[in-house]
Amino acid sequence: MTLSSQTVPPVWPMLAWSGAALFAVVLPVCAVLLLSEACALPAIIALAVMGAGMIAAAASGRFWPGLGAAVGAGLTLLLVAHVVGLSVSIAPFIVVIAVAVASASFAARGALFARSAGPRGWLVALGILAGEGAVVLSAVIDPDLWPDWLLAVLPAQWASMAFEAAIGSTLATAPLTALGGTALATLLVVHLWPRRWTYAIMFSVWLGLSALVYHSPL
């Protein structure tokens, strides 16, 4: 899964890893420090994990660096939130499950972007992060802004739901199942690349799990 060095501008690796650090650590930590209450915390953690996992995996061309970066980002933000006094109830086992499953899902997407878009995969990851992030954060500000079916198809929203439950020391079964299922389906596509027919499996799994989330809200 290693990216080819051909056609890669010399500055791109630095930009990719700088982007991962910015969107996974710097901006989320600043956002958490500015929060006066924890209502937006799950969405911030979800987007940090998403950014770290997808960009790091896409930049490196491998799943495992993305997984490690995403887990590190999620646990760091939860620790920061706890230290600054936000009302966060941390049950270690539940938190680790939520962070690990979400991280695997987003790292798998990043690895797929590396396969499908090559050296530009991290730009694809950045664009998807921006799009899903805008929807999820605006939904925090105005819960009635987007229809429920739209939020139910977004993995970033699944992660936000999973972290919202984890902060309250409960497991969100449907969102975690959706994240785990899409991780496995995406890794299947990565493993069998360039066989494009596997995309049909991935999209079918995504739609089916979106329906599960839609009909099983928190």
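**Close-up views of an all-helix predicted model**

Twelve of the 13 residues of α7 are buried, so this helix is largely enclosed by the rest of the structure.

Figure 1. Helix α7 covers residues 155–167. From its first C-alpha to its last it reaches 18 Å, close to the 18 Å expected at 1.5 Å a residue.

**Figure 2. The loop after α7, with Ser-169.** What follows helix α7? Ser-169 does, with a positive phi. This residue sits in the loop between α7 and α8. Its phi is near 65°, and Ser-169 is a residue other than glycine. For context, most residues other than glycine have a negative phi. With a relative accessible area of 25%, Ser-169 is partly exposed.

**Figure 3. A cis peptide bond at Pro-194.** Please zoom in on the loop between α8 (173–192) and α9 (198–215), where Pro-194 is found. The peptide bond that joins Trp-193 and Pro-194 is cis, with omega about 10°. As a reminder, most peptide bonds are trans. Trp-193 will come up again with the aromatic residues, as one of the members of a cluster.

Figure 4. One aromatic cluster is formed by Trp-193, Tyr-199, Phe-203 and Trp-206. Within the whole structure, a search finds four aromatic pairs. Phe-63 and Trp-64 make an edge-to-face pair, since their ring centres are 5.0 Å apart and their planes are at 75°. The pair of Tyr-199 and Phe-203 is stacked, at 6.1 Å centre to centre and with 20° between the planes. Tyr-199 and Phe-203 are four residues apart in helix α9, so about one helical turn separates them. Are these two residues buried or partly exposed? Tyr-199 is buried, at 18% relative accessible area, whereas Phe-203 is partly exposed, at 41%.

Figure 5. Phe-63 is buried, with a relative accessible area of 9%. Trp-64, in contrast, counts as exposed at 63% relative accessibility. A pair of aromatic rings is described by the distance of the centres and the angle of the planes.

**Figure 6. The second largest pocket.** About 330 Å³ of space lies in this pocket. The elements that give two or more residues to its lining are α4 (92–117), α5 (121–141), α8 and α9. Which of its lining residues lie nearest the centre of the pocket? They are Arg-109, Phe-113, Thr-186, Met-202 and Phe-203, out of a lining of 16 residues. Helix α4 provides the largest share of the lining, five residues. Sorted by class, the lining holds ten nonpolar, four polar and two charged residues.

**Figure 7. Helix α5.** This helix also gives residues to the lining of the second largest pocket. Helix α5 has 21 residues and reaches 30 Å from first C-alpha to last, close to the 30 Å expected at 1.5 Å a residue. Its buried residues are Gly-121, Trp-122, Ala-125, Leu-129, Glu-132, Gly-133, Val-135, Val-136, Ser-138 and Ala-139.

**Figure 8. Thr-182 in α8 and its distance to Phe-106.** Thr-182 is found in helix α8. With a relative accessible area of 9%, Thr-182 is buried. How many residues apart in sequence are Thr-182 and Phe-106? They are 76 residues apart, while their C-alpha atoms are 9.2 Å apart in space.

**Figure 9. Stepping back to the whole protein.** To finish, here is the setting of all the close-ups. The protein has nine helices and zero strands. Its radius of gyration is 16 Å, close to the 17 Å that the globule rule gives for 218 residues, so the protein is as compact as a globular protein of that length. Along its principal axes, the C-alpha trace spans about 50 × 35 × 35 Å. Buried residues make up 51% of the 218 residues.

Methods: Residues numbered from 1 in each chain as written. Predicted model: local features only at pLDDT ≥ 70, side-chain atom pairs only at ≥ 80, totals over all residues. Heavy atoms only, no water. Expected span 1.5 Å × (residues − 1). Buried < 20%, exposed > 50% of the residue type's maximum accessible area, 1.4 Å probe, protein only. 1 Å grid on protein atoms, 1.4 Å probe; cavity = no way out; pocket = protein on both sides within 12 Å on 5 of 7 lines; lining within 4 Å. Points joined across faces, edges and corners; volume = space filled by probe spheres on them. Nonpolar A, V, L, I, M, F, W, Y, C, P; charged D, E, K, R; others polar. Phe/Tyr/Trp six-rings, centres within 6.5 Å; stacked < 30°, edge-to-face > 60°. Rg over C-alpha atoms; globule rule 2.2 N^0.38 Å.
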